[in-house]
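Subject: Structure handover

Hello,

Please find the structure below, with the sequence. My notes on it follow.

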Amino acid sequence: MITFNRIVEFPKDIPETRIVVVGDQHYGAADADLKRYRSFIKENLSYPNSWLISVGDGLDAITTRDPRFEIGGIAKPILQAENNDDILDLQVEMFVTDHEPYRHQILGLGLGNHENAVRVREMGNAHRRICTALNVKNIGYSCIMELRLREMGATHRGMNRSFKILTHHGFGGNNVTEGGALSTFCTHAKNFVVDAAFYGHKHDYCYKRITRVGIDQAGNQDHQDVIVALVGTYLKTFNDKADPSWAETKGFPPRFLRGGWVLKLTPESGGGWLTTRMSEG
Ligand SMILES: [Fe+2]
């Protein structure tokens, strides 16, 4: 697990900070809808005070030694490339090219079970290569980051609003019960002292606000919620062919193909708290 904190400054006239959280893009898979993903990040990262976090499986990273390998599962640009025997390198290149314009907005890129399987089996850390190429933080499989939101130019430490985010790629097999993954991750998130927890892996797209009641400094009842979210995916479960995808044969459900949340953080006037809103972007 990686832990770190970082100051995020917002301009006085744009107090809302937006944290765009994505994952499971599966670069290099034939059934990954990268056109949609590219338009999602372009649209949401054009906001001046926006930041990007990805929670893993950015690459499909399925190579010939993987039992899930299927030639029809490889994206056309990779099959047609001159060096098409180097699937991982080509996937890294695609991911880096698409994220290069936003690299100064990236808070961290996470490792998924797909990249990790290759790392363990073939001693090749494609995810690390991406982070090095973009010069961004490698937040590994799980991470707690503390964002200290501060108005640009403010020097008083009391002006910092702290917001803690857990990122975890996720775990577990196929959930037959609708909502089962959200329930599992809500339980898992309670192990961490954070304000929001984002998970990938399940390709589900939903969130829950766990409301916690406490007491403020004046002795009044106070709320401090924890957001638990599954970030969705850009990988289709079903292809358009007679030869099935791995997900199809395993009974994975279809998924909504506009993954990614936009967490909007606005400082409340006079206090140390932040108003949090989740949006589909
Ligand atoms: Fe995935």
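A residue counts as buried here if 20 or more other C-beta atoms lie within 10 Å of its own. Keep in mind that this is a predicted model.

I begin with helix H5, which covers residues 126-134. By that cut-off, its buried residues are Ala126, His127, Ile130 and Cys131. Viewed down the axis of H5, these buried residues fall within an arc of 145 degrees, so they line one face of the helix. The background is simple: an α-helix has 3.6 residues a turn, so residues three or four places apart point the same way. After H5 comes asparagine 135, with a positive phi near 55 degrees.

S4 and S5 also belong to an open sheet of six strands. The order is S5-S4-S3-S2-S13-S14, and the pairing is mixed. S5 and strand S14 (274-279) are at the edges with a single partner strand each, so one side of each has no neighbour in the sheet. From one strand to the next, the twist averages 25 degrees. Within this sheet, strand S2 (residues 17-22) and strand S3 (residues 50-54) run parallel and are joined by five bridges. Valine 20 stands opposite leucine 52 of S3.

Next is strand S7, residues 161-168. Six of its eight residues are buried, so S7 is largely enclosed by the rest of the structure. Which strands does S7 pair with, and in what sense? Strand S6 (residues 142-151) pairs with S7 in the antiparallel sense over eight bridges. One example is leucine 149, whose bridge partner in S7 is arginine 161. Strand S8 (residues 196-199) runs parallel to S7, and four bridges join the two. Here leucine 166 stands opposite alanine 197 in S8.

Alanine 197 comes up again in the largest nonpolar core, which has 66 residues. Val21, Ala197, Phe198 and Val231 touch the most other members of that core. What is phenylalanine 198 in contact with, leaving aside its neighbours within four places in sequence? The contacts of phenylalanine 198 are Val21, Val55, Ile165, Thr167, Ala229 and Val231.

Regards

How values were computed: Residues numbered from 1 in each chain as written. Predicted model: local features only at pLDDT ≥ 70, side-chain atom pairs only at ≥ 80, totals over all residues. Buried ≥ 20, exposed ≤ 12 C-beta atoms within 10 Å, placed from the backbone. Pairing = 2+ DSSP bridges. Arc of directions from axis to C-beta. Core = buried A, V, L, I, M, F, W, Y, C linked by C-beta atoms within 7 Å. Contact = placed C-beta atoms within 7 Å. Axes fitted to C-alpha atoms, helices over the stretch in contact; angles between N-to-C directions.
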